[in-house]
Structure formats: C-alpha cells, structure tokens
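Open the model in your viewer and keep the selection tool at hand.

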Amino acid sequence: MATFLYKLGRLAFRRRHFVALIWVALLTLAGVGAASAPAAGTTSFSIPGVEAQKAFDLLEQRFPGASADGGTGRIVFKAPEGQKMTDAANKATVEKTVKALGDGSEVVSVTDPFTTNAVSKDGTVAYTSVKYAAPGMELKDSTRDALETAGDEARATGLTVDVGGDALQAGAEPGAIGEVIGLAIAAVVLVITLGSLVAAGLPLLTAIIGVGIGVSTITALAKALDLGDTTSTLALMIGLAVGIDYALFIVSRYRSELAEGRDREEAVGRATGTAGSAVVFAGLTVVIALAGLAVVDVPMLTKMGLAAAGTVVVSVLIALTMIPALLGYAGKKVKATGEKRGSTGTKTGERAGEQAGQRTGEQTGAKAGAKTGEQGRQGNAGKPGKPGKPGLGVRWASFVIRRPAAVLLLGVVGLGAIAVPATQLELGLPDDGSQPTSTTQRRAYDLLSEGFGPGFNGPLMIVVDAKDSDDPKAAATTVTDGIKDLEDVATVTPAMFNKAGDTATITVIPGSKPSSTQTEDLVHAIRDQGADVRADTGAQVLVTGTTAMNIDFSQKLNDALIPYLGLVVGLAFLLLIVVFRSILVPLKAALGFLLSVLAALGAVVAVFQWGWLGGLIGVEETGPIMSMMPIFMVGVVFGLAMDYEVFLVTRMREAYVHGESPSQAIVTGFRHSAKVVAAAAVIMMAVFGGFISSTESMIKMIGFGLAIAVFFDAFIVRMAIVPAVLALLGKKAWWLPKWLDRALPNVDVEGEGLKTGADAASSRDGDEDRELVRA
C-alpha cells in the first residue's frame, strides 16, 4: 500500500498539470450536469414493512384519487376578546378564506369549519383544512404562497390567524450560513496550525472541489434516482469535514518530510505513502459506516448514506492525487513563515555538514548537518541550532505515560457520567409543536391544542380492511366501539366506507399530544385490539397517520440499531486489525467509540429532552429526541472517530515498527500527529457546530450532537484514553497471533517498504529530481 501510494504521489507531482486538469474537468462536467438536470423535487418518504406504510398503500389502492399521502394545510382562526367565530363578520371572513383556498390547482378539497363541526366548544377557535394532491414536501411554491396569502388576508380583518400543516414544510435548506461559518473557522484553524496561507489554502481548495463534484453529481442524478435535498445536505456536511481533514494530514506530513531534508518530490511521495495510507483506511471506515445505513431498510436513509459515502471516496482520491499535484505548484511557500525565516540561520550548519560528509566520503556529516538544520527550525529564529521546547502534544503524552491509570479512570468515569441521561432516551419525530414559538406553524399548533385538546394535532387514522369479512359494517362498528372504551381517547368519528364498501376509515383523536408516551400506548392498544377483531370478524385493522408513522419509524430504527452497530463495528474491526496488525488496538478503538457516542447521546438528551443549558443554544421547546439521531450518530461519528484513531495511532505504530519502545512511540505519535488531529477535530466541530444556529429543531440537534461527539472522541477518547491504554498495555498492545499475522495481507501502512524502495528510486531518479526541484 505505502509503496503504491508513494509512486502515485510522485507521479501526481511530476504530472501535476495533467492531474489538475482532470479534476477541474470532472468538476466542470458535474457542474454542467447539475445545471442541466431536471428539477427533482423532494424524495417521497416511505418505510417498507411497517403497519402505517401498509395502511397508506392500502388507502391508495382502495380509495383511488383520495391522495392518502397528499399534503395538508390548516388555517386556524381565533376571535378577538369578547367575540366568537360564529359572529357574522368573523364567519364571513372564514367563508371568504375557504373560497379563496379552493381555487388552487393542487387543491383536492377545502373544509368549511361551520359545516364540519370544526369550531371549538366555546366558539373562540375554528379551523379550515386544505387537502392537496401532492405530498407536502413536493408542493409548488405558488401553492404554499396561496396558503400563506389567504392567512394574511384573514388576519387583516382583526382575527388571530396562523397557518400550519405539512404544506409549509419546504425542502430542507442546505444550511449555507452554517457552512460559511464552519469554513471561516476552518480557515483560521488551518492558518494557525500550518503557519502558511498557501498551506492552509490547499485543504480548503481541495475539500471544496471534492464537495462540488459530489454534490453536483447528486444534483444531476436526483431526478433519476429520486434523491431529496437532505441527501445533498449530508454529503455536503460530511464531504467538507473529511475533505479538509484528509488533505490537512497529507500536507502536514509533507512539511515534516521537507524538514528532514528531503527534496520536494521525495517528500510528496513519502507523505502520500505514509499519511496517504492512513487516509485510505480512515476513508474506508467512513464509507463502511455510511453505506451500512442500508441495513436499516429505509430508502431515504440508504440513499443518504450511499451518496455521502460516494463524496467521501471522491475526497480520498483528491487527497491522494490533487494534493501532491498542488504541492508541486506551491513550492516552498507551503512552509510556515517562521520556518522560512529560521531556515536562513541554519543553512550554514547544513552546508557545513554536507561538505564535511563529501570530504570524508561518508554520509554522517550530511546527516549531522541536516539534524542541525532541523534543530534550528524547531528552535527560535534567533537561536539556530538549539532544539526548541517540547510541544504541548509531547508534554501531554509524557504526562499520560507517567499516570496512565489515573487518566484512564478519569476519562472513562467522566464520559460515563455524561452518558447517564442516555438511559432516559425517548425517541420521536419533530412536529409543529417542536418549532420555535416565533413561527406561524407553532402558533397554529398551540391554538388547536387550546381549542380542541392536545391530541387534536396528531389524529390517528384507523383503516378497516373488511374485504374478507362477512359483514363489513358490523366489523367497522365493532372496531369503533372497542376504541371508544380505550384510555386516552378524546374523540372517535363514525366509519367512512369506500365505494366498494369493503374498506373503512375511522379518525381517532387522542387525549394527549402526538409525541407523548400516552399516545404511543394508545396506538399499541388499538393494534392489540385489532388482533381480536380479526379473529372474530375476519377484518384487518391497521393504524396509520403521521403520528403512527412516526412511532413505527422510531421502532424500526430502534430495532435496526444493534444489527447496524454489529455490522459496522465488526467490519471496521477487521479492517483495523489489518492496519495495526493488532487485536487489542482495534478493540480499544471500538470500545472508545461506543463510550464517546453514549456520552454524546447523553448530552443531547440533557439539552434537547430535559432542557439543561438549552437556552445557550436557542432550544425553545424540549421533547423526544429525533428517531434518526442514535443510528445517524453511530454511522457518522464512528467513521470520524476511526479517522482520528488511524491518524494518531498509525504514527505510533510506525515509530514502534522502526525500533522505538512502546512508550517512546506514543510520544513520537503525539509529536507528529496530535496537533494535526486536534486541528482536524476543531475544524469538524466548526462545520457541524455551524448548524446549531438553525431555527429548525432537527438541524440544530444534528449539529449539536455531531459537534459534541467529535469533541468527546477526539479530545477525551483519542487524546487521553487511547495513550493511557497503550501505556498500560506496553508491547502487548501490538500483539498478534503468529498464525493470524501470516494470514493477513501486509498493507504496510507504516511505510516500512519505503526505507529501501524509495531511497533506490531516489538514487535512480536523482538527475530528474534536481530538475523538478529547480522547476
């Protein structure tokens, strides 16, 4: 692996014009494809195999033209103090609004609150419902505008008017402001870390190109593959974060190789061979984690995972080819500013050493001179030749090695304490009740709850499939009477049959709000009762509606979490055994990841479910955690956690293989990689943290969850727990059974093969190398 990537890096360096042209051409092609592709709309949301989806499919079949999955809109009216909605003027306003709404091209029906009993008992609140032919996420902008305009005109008459329903839920915005903030912070961190504008610009440039190719390709294929806006949003978020990190790691290693006295092409080759190998395996773990979302068997999640995984593959390829090419263009400008100044004070020592070596015919003088130059670079500019003070990473690693048990205990206990709230995790999907109170959707939700009860915002639709029943009407009556006797039932409407008379729908209004555990219990109670009905009458009872669909979706994700975790962690565990040639190091990596994810989930529950410190990040309403959050965090965070593991520990493994003691190898790994890993983590936290400013509860939760998970994993697990465990294990950390060592392929991530192969190649191409350096 290292030898192949070494050759690839040198080839990209020599053929830099050709490589750059290829990537620019691919970006252009993807951009043209995205610009000329037909508009895709938003992907339909379906959950194969669950009861709520089966009921929706049955309604489409038995009630043709009823648009069972069509969008809905509600305009809620509240009379001024001392008035009622039945007053003549207020009633006229409502009727005018109903008439205006009925003119829409996508409108199937509009209800009149005065004929459908949609006025509250005290007469102060009324609502009109609009049914659309297309799903709410796929409605035209003009249709949404017409709904909002009707509300504005009614509000102008003095009524309190708010608009709700899924018709207002436009496609997810890509979070441009959050990404801009993330990029700005990333740029600052890169400049501080690398000390050079050119060096800092390379990871940003290549990450943007990689994301541009990935997102443009997704946009171009969106119509054909039924990809939604959320697909490109995830690809943008993940691709940008890993693209910067992978490029940063190779650029940092390239600068280290230059500091050791190697010419530019040789430094590029060695950086690509060593750091590039880590990038390949880190990328593979992310791809496994994202592509593994297909295990959940939810089409939307599968497409999101595969699209994001494809963007990660592009980011890896760009890091391995375009970064070496751009380093060829950058020349010595990639060095830090202070390093450039310091190098002038050390060249005398380097030249003296090299001349001494040439006079004696030995290489020791050249090595001594190079060492002197390296010390000068590490020291102050005014004191060339003196070694600099050990960096923070080295001092921290030395501290951990001296007190590994205490650091390990503190890290595990600390994360364990933060993870405790995760034991109270409640899953659900956000509705209008989780919106900020400043939105019209939230105000409409609150008005309906005030006028008709908290369960009115989450009605359940009961579908009675009486095709195999001898008496369909009697079966429907049995179902209705049985539901009325259940707890937490506010209202049950009479059964409505289709034209064939073999299928009926019954609407049930729960007594509790949609996201409550009482409503979930009611859904399960109706389904349990349905089994008895089928045995007695032959009719099948199915529960659907948005609330039931949310419950089923949460349950499906919950059931898939353990198999998904087993698949992803298992495959990555095998991959890391090959990388590290160890059993205990991959096991430690997996256990550390589980600890960081549990701690992150605990923090999410504390903030978004319990409301702790929620005001600091703008959490206005607490409630259940989004159903996708646990499995989403497992997928994304696992891949990123393995990135840090590979980046940090491969350098330790490299030092150990090259003869250093286990403890010294830990220090060496931190000396070369800790700063880069810390910078990569801060960059990723900035990218994810930019979404915390979103007004959407779901986006805010994802941004916070991923940012805090990266913090826990990078700075506590990888920077504290990992070196503590390795220090305690010593040589045992790198133990591998001999039979397994013989069976595993040797991928040479440490670059052991470069000791001879690269030097021989350098000797053969010496003249060419000098020409390239001068170029």
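**Stop one: the strands**

Select strand E1 and strand E4 (residues 160-164): they pair in the antiparallel sense over five bridges. Two strands count as paired if DSSP finds at least two bridges between them. Strands here are DSSP runs of E with at least two residues, helices are runs of H or I with at least four, and both are numbered from the N terminus. This is a predicted model, where local features need pLDDT of at least 70, side-chain atom pairs count only at pLDDT 80 or more, and totals for chains, interfaces and linings use all residues. Residues are numbered from 1 along each chain as its sequence is written, and side-chain values use heavy atoms, with hydrogens and water left out.

Now pick Ile75; Val163 in E4 stands opposite. E1 (residues 72-78) pairs with E3 in the antiparallel sense over seven bridges. Click Thr72: its bridge partner in E3 is Lys131.

**Stop two: the largest cavity**

How many cavities of 30 Å³ or more does a search of the whole structure find? Three. A cavity is a set of points on a 1 Å grid over the protein atoms alone where a 1.4 Å probe fits but cannot get out. The largest holds about 50 Å³ of space, a volume filled by probe spheres set on points joined across faces, edges and corners.

Select its lining (residues with an atom within 4 Å of a point): Phe249, Ser252, Arg253, Ser256, Ala275, Arg651, His672, Ser673 and Val676. Helix H8 (229-259) and helix H22 (662-689) are the elements that give two or more residues to this lining. H8 has the largest share, four residues.

Notes
1 Å grid on protein atoms, 1.4 Å probe; cavity = no way out; pocket = protein on both sides within 12 Å on 5 of 7 lines; lining within 4 Å.
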